[in-house]
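Please keep the sequence and the 3D view at hand while reading.

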Amino acid sequence: MSTVVKAVSNSRKMKRLTTVDIVLIAILAIVNGVAMTYIAMLNQLLTAIGGPILTSITLGLYSISGVLAAYIIRKPGVAFFTLTLAGVVQIISGNPNGLVSLIAATTDGLGVEIGFALFRYKRWDWLSTAVAGLLAVPLWFIVASFWFGYYKWGITILLIAFVIRCVSGIILSGWLSKIVGDILAGTNILKGFNIHKQRKKEVNKDESHYSA
Amino acid sequence: MSLSFQFHEKKSFMHSLDPVTKLIWMLCISVLVFLYETSLPQFILFTIVFSSALILAKLSIGFVIRGIWIMLLFSIGFFILQVLLVPGENVLFTMGPLNIYSESVDFALAITLRILTIFTTSLIFVATSDPRDIVNSLTQKMKVPYRYAYSIFVALRFVPTLEQEAKVIEAAQTIRGVGKQKGLKNKALNMKRFTLPLLMGAVRRVRVTANTMEAKGYGAYSDRTYIRKVSYTASGVMFGAVWCITTVYLIVERII
């Protein structure tokens with residue numbers, strides 16, 4: 001082939017997703033997607049018993065792959081890409097909610113992305129993961145309340161559901177991914193990803209501080 | 001995962017359509033179910049979708065029912081809950097201390113049918129679209145860069161591997177005497193003991209897979225060639241156009 005492969009300039013290389021990133025994203029999305037198909041059954045049961053309030057408890061788990069992938073790779077666009085991919089894979093691999101789960105995943109991804117963008121992709125701690133997990137909630141809540149007719153249930157039920165969703169988003173999506181990400185980074189299998197590089201930098205900083 | 005929700009090779013009108021047209025069809029139906037809040041239009045829509053599953057996609061009634069029965073079961077629960085909780089004005093009948101309003105029954109019926117319609121639509125889409133065609137139409141028709149679109153293949157390829165790995169982890173833990181325990185705290189510990197090795201095993205595969213892909217030239221060129229070509233058919237374009245026009249007409253009529 002006569003096409004010449006051009007070397008990608010260094011500044012673009014930082015932002016662009018490498019093949020390793022894409023494969024990691026795909027794997028995280030499928031782990032989450034497979035888990036979600038099982039949780040979807042539980043979710044239907046919770047909807048049948050307790051309507052919008054009980055389903056809200058597990059809601060945070062839906063966006064965990066996005067927050068986790070962004071926390072590990074730490075590049076713009078990762079959260080949105082991961083969750084959209086998780087949505088598409090869920091449709092193909094047989095989630096009974098179909099198109100609903102795709103739209104839910106996309107809106108979640110948008111929220112998480114905005115959450116990390118607010119910190120300009122520079123802060124990766126309890127606060128930024130909490131904000132990202134929290135922002136996964138509102139957009140989908142608006143769509144879902146119209147789609148499933150929650151808005152007719154009265155403002156009290158809606159508010160309770162919303163608060164539960166926010167708490168679930170912060171804990172199950174934001175903080176749980178930070179915990180899982182830190183455990184994974186601690187086992188040294190994430191060498192080469194930004195989470196490992198930045199951890200090493202932090203550790204070095206601490207050591208130099210003690211020696212001084 | 002229920003077996004109904006997988007691609008089944010067959011010859012039918014829906015199978016011959018390309019995924020993009022089917023996606024447009026799905027979007028049209030999603031918009032339409034979103035438009036109405038009374039049970040009659042929802043019922044008409046459900047009948048249309050259900051009959052197109054039988055006639056256009058040539059799926060058997062048993063197949064569709066098998067696909068949606070779990071959903072049907074839960075919809076009934078959701079239906080009862082809505083009938084009891086959604087406020088209304090005209091009392092339809094009284095059941096003990098409870099007043100059943102006709103508005104809430106109507107609304108609950110509409111929402112239940114809406115969920116079933118969306119569910120059946122996704123069933124048709126999944127059962128009639130080859131995943132390879134879905135990815136190919138993403139890259140060929142919707143111009144998604146193939147580096148990103150192919151991540152769907154990567155993800156799907158790992159489903160059996162992960163399932164097998166999950167079985168191995170479970171067996172290994174059972175052999176060592178760490179079986180499933182009862183109680184909420186133990187359940188949480190079980191989750192941790194099971195999920196983390198699974199996740200770590202998966203992450204370990206990442207680098208090897210990525211290296212293999214790059215060694216074969218993945219992502220080296222901005223474009224690539226395809227064995228399978230996805231093309232629009234005349235009847236497919238007609239089908240999409242009819243649905244789009246109907247949807248737009250109904251939206252305009254609804255607003256005015």
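## A buried threonine, annotated spans and a surface patch

A:T82 is found in helix α4 of chain A, which covers residues 78–92. The model in which this residue is described is a predicted one.

**Surroundings of A:T82**

- A:T82 has a relative accessibility of 0%, and it therefore counts as buried, since the cut-off for that class is under 20%.
- A polar atom of the A:T82 side chain lies 2.6 Å from the backbone oxygen of A:V78.
- When neighbours within four places in sequence are left aside, A:T82 is in contact with A:I25, A:A29, A:S65, A:G66 and A:A69.

**Annotated spans in chain A**

- An unreviewed UniProt entry lists residues 20–41, 53–72, 77–93, 99–119, 126–147 and 153–176 of chain A under "transmembrane region".
- In the model, residues 99–119 of chain A are 95% helix and 0% strand, with end C-alpha atoms 31 Å apart.
- Residues 153–176 of chain A are 92% helix and 0% strand, and the end C-alpha atoms of this span also lie 31 Å apart.

**A nonpolar patch on chain B**

- B:I76, B:I80, B:L84, B:L85, B:L92, B:F93, B:M95 and B:L98 form a nonpolar patch on the surface, and together they have about 730 Å² of accessible area.
- Two elements of chain B, α4 (61–85) and β1 (91–95), each give two or more residues to this patch.
- Helix α4 of chain B gives the most, with four residues.
- B:I76 is found in helix α4 of chain B.
- The relative accessible area of B:I76 is 48%, so this residue is classed as partly exposed, a class that lies between the cut-offs of 20% and 50%.

**Two loop residues with positive phi**

- A:R120 is not a glycine, yet it has a positive phi of about 50 degrees.
- A:R120 is found in the loop between α5 (99–118) and α6 (126–147) of chain A.
- A:R120 counts as exposed because its relative accessibility is 59%, and the exposed class requires over 50%.
- B:K143, which is not a glycine, has a positive phi of about 60 degrees.
- B:K143 is placed in the loop between α6 (131–140) and α7 (146–149) of chain B.
- With a relative accessibility of 64%, B:K143 counts as exposed.

Technical notes. Residues numbered from 1 in each chain as written. Chains lettered and ligands numbered in written order. Predicted model: local features only at pLDDT ≥ 70, side-chain atom pairs only at ≥ 80, totals over all residues. Heavy atoms only, no water. Patch = residues over 30% accessible without salt bridge, like charges linked within 9 Å, V, L, I, M, F, W, Y side chains within 5 Å. Areas by Shrake-Rupley, 256 points an atom, 1.4 Å probe, with all protein chains shown as cover. Salt bridge = Lys/Arg side-chain N within 4 Å of Asp/Glu carboxyl O. Buried < 20%, exposed > 50% of the residue type's maximum accessible area, 1.4 Å probe, protein only. Polar contact = N/O pair within 3.5 Å; in protein donor to acceptor, adjacent residues only side chain to side chain. Contact = heavy atoms within 4.5 Å. UniProt positions renumbered as here; feature names shortened; annotations may be inferred.
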